[in-house]
Amino acid sequence: MQNINKEEFKKSIEDYTKVLFRKSVSEASKQQLFQAVSYSVKDLIIDQWMATHREYEDKDVKTVYYLSMEFLMGRALGNNIINMKANNIIKEALDELGIDLNVIEDQEPDPALGNGGLGRLAACFLDSLSTLGYPAYGCGIRYKYGMFEQKIENGFQVEVPDNWLKDGNPFEMKRSDYAVEVKFGGYVRITKDNNGREKFVQENYQSVLAVPYDLPIVGYGNNVVNTLRIWDAEAIDNFNLDSFDKGDYQKAVEQQNLARTICEVLYPNDNHYAGKELRLKQQYFFVSASIQRAVIKYMEKHEDIHNIHEKVCFQLNDTHPTVTVAEFMRILMDDYDLSWDEAWSITTKTCAYTNHTIMSEALEKWPLELFSRLLPRIYQIVEEINRRFIIEIQAKYPNDYKKIEKMAIVYDGQVKMAHLAIVASFSVNGVARLHTEILKNQQLKEFYQMMPEKFNSKTNGITQRRFLLHGNPLLADWVTTKIGDDWITNLQHISELKVYADDLRCQKEFMQIKYQNKVRLAAYIKEHNGIEVDPRSIFDIQVKRLHEYKRQLLNILHVMHLYNQLKKNPEMEFYPRTFIFGAKASAGYRRAKAIIKLINSVGDVVNNDKSIQNKLKVVFIENYRVSNAEMIFAAADVSEQISTASKEASGTGNMKFMLNGALTLGTMDGANVEIVEEVGEENAFIFGLTSDEVIKYEQEGGYNPKDIYNIDQDIRTVITQLVNGYYSPENPELFREIYNSLLDSNGGERADQYFILKDFRSYEAAQKRVEEAYKDQARWAKSAILNVASSGKFTSDRTIEEYAKEIWHLDKVKVELE
Ligand code: 4GP
């Protein structure tokens, strides 16, 4: 570990406030202090960063390139300090300068270059790769505007642009010397070289300059610093007045515009494909730049490109970067003169693909017209991959045209990106055991039958360094005093806590810490929502993207039902409950936005009804994001993981709650299955249809929500309250769409397609069990401690070890500082 000299560090902060802002420390604003401290921390990182790359060069290591449209990193300053194990010394230095670390940490914008699960997973993976000492690059896009900031106005979501770069980003480094050109459009001219071989030349294209910005990813206490490389676009030439005379004025302006728009904004869709042309441009832009750089880097150290797969692996984070396949083929064939067979053999040893969702609306299918116009050379290559693949299908399944229809890469005027990714990858993985089984037996059945050896499962994980060590310092310290601090880099050790689960004193200590974390969240809610919540009530929390399959609607309908019961019988036995929600909805997802409004409307009525004596509170936390998530997980008693079984590929929020000692209230979906397996069903609250039952209903029919609506009076009351103005007197029609979606089929959409009414009573019963269990504080504490103690499997360190050993075949490095 690097020794940090406190006096030098203080001096560095003073120098930076002076040089950057012409101010002394006492004159500088909080934001300026954040900048000065961050630059000083970056200076400490630089030596490790350089040493890491020297080691990589010396050992000529194999490197994984994790290609992802999204990296939902969260704030860097606090995390970097923790991973450098410099927390104490830096706190001391800042104290002596009169600076409060917590206050300036809050000055950092929350880098939100991602939507939800898949983007946050990428961030956890980077943390684990560095901590484990595996050589890696994250490759992505430097969006000027990240995930929008969510404001709640009059109960409705309003999207505000997230201008996260407005004060600059102290941790990034622009690397202009690594810029490359990326070409779009035009046409392909076929010529012959001196040996009579065909050459493919893209002409009359538009191009942009891709310029990388590097961010350090600091490993925990091991001097390893990997790189997250995010690409920005610049115009190739500065605006050239000459071109006006040459008649190229139009093109010059278009190129300028292309450069300006390409990295402008992250598409705010989760589990959903919107099919916008600019999105395909973004995909090809960052893929082409990343692959070009990877090849250049490899060729700096090697004579011959034929063995590149021995040193390089491209991991495709969902289908978004799938053009990698064709871009790599293009470079190998067009720039390095390899034959098709050689290029294909290398590509299929280099690319690996992770699937993150079975939601059919997330499947990327680009119209041929658009794809071939934007990427003419890439399209030729995709067509040829498809032609050869169809020959393979026919050889294996003669005359079975259904197989071609199901598996072709190009079909029905569309390019199917998942099919391309599967055919060209040597590994295809799902993100939890159940998810992978569904891929193999349902979604990707034909592919699994044809190429079973490619399929494997890698259950997701999360980093305990951000989500316990940084996010919940009280609990982290408690765990360390009990079992030492090995858990920070080896979460399996946390199982040593199990012996304390029955210990009365430990139970009390645990509940006291939970209480303090609830007080912290209650203060945040008071400040942001103006709502008083009682930290002694059960904090029942559902935070995640708003999506119908995640069923926030089931949760709020149940709250409406509880409220009806309380109104009917104010003296009934009832343990006070606080239902907390946090969720962004995609800007164009109307029904999701209506559900946000419903949650807020129910909150308005319930929270202001004196007659129920504060027994029930409903809170919608605005702008749920990584930074407030850390505090929210720490304060949870109950973790709501209630997706329709079979729909949530894995979930990772479920793991963060568990690590912080919340009990899961959930369906047997995604990684919940494995969570329950680890902690025992008696320490969770499981309900609802199984995935097999859901799939059977979907395939064979036999579920009609009206049957339930007709028979069940309580449910009917709740559903009717959606449209009788009970929660929206000013506009009784406000929730009509939600009501209809539960009762009526509509076009291709089945009534209650997410089985909310079907699972309602079973959810209600599970909620009753929660209430009963919570009344017995000792039993609850025991279960909560057992949840923490059983979370070892769900560290992203374990996940990354599996990827590294079974897919990437990487070796670990050790980095010593000179
Ligand atoms: C998410 C899945 O919905 C979630 O279950 C999973 O844990 C996460 O990926 C990471 O694997 N999918 C997306 C998406 O974020 O946009 O498809």
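Guide: Happy to! The shell around the ligand takes at least three residues from each of two domains, domain 1 (61-73 + 111-460 + 802-808) and domain 2 (464-794), with bounds that come from an automatic or database domain assignment. A word on the basis: this is a predicted model, where local features need pLDDT of at least 70, side-chain atom pairs count only at pLDDT 80 or more, and totals for chains, interfaces and linings use all residues. Residues are numbered from 1 along each chain as its sequence is written, and side-chain values use heavy atoms, with hydrogens and water left out.

Around the ligand there are 15 residues, counted when a heavy atom lies within 4 Å of it. Asn 271, His 356, Asn 460, Glu 648 and Gly 651 come nearest. By class, the shell holds five nonpolar, eight polar and two charged residues, with Gly counted among the polar ones.

Now for the polar contacts, pairs of N or O atoms within 3.5 Å. A polar backbone atom of Asn 271 is 2.9 Å from a ligand oxygen; for a backbone N or O atom of Leu 118 the distance to an oxygen of the ligand is 3.0 Å, and for a polar backbone atom of Ala 649 it is 3.3 Å. The protein buries 96% of the 410 Å² that the ligand exposes when taken alone, by the Shrake-Rupley method with a 1.4 Å probe.

Methods
A polar contact is a pair of N or O atoms within 3.5 Å; within protein, one must be able to donate a hydrogen and the other to accept it, and residues adjacent in sequence count only if both atoms are side-chain atoms.
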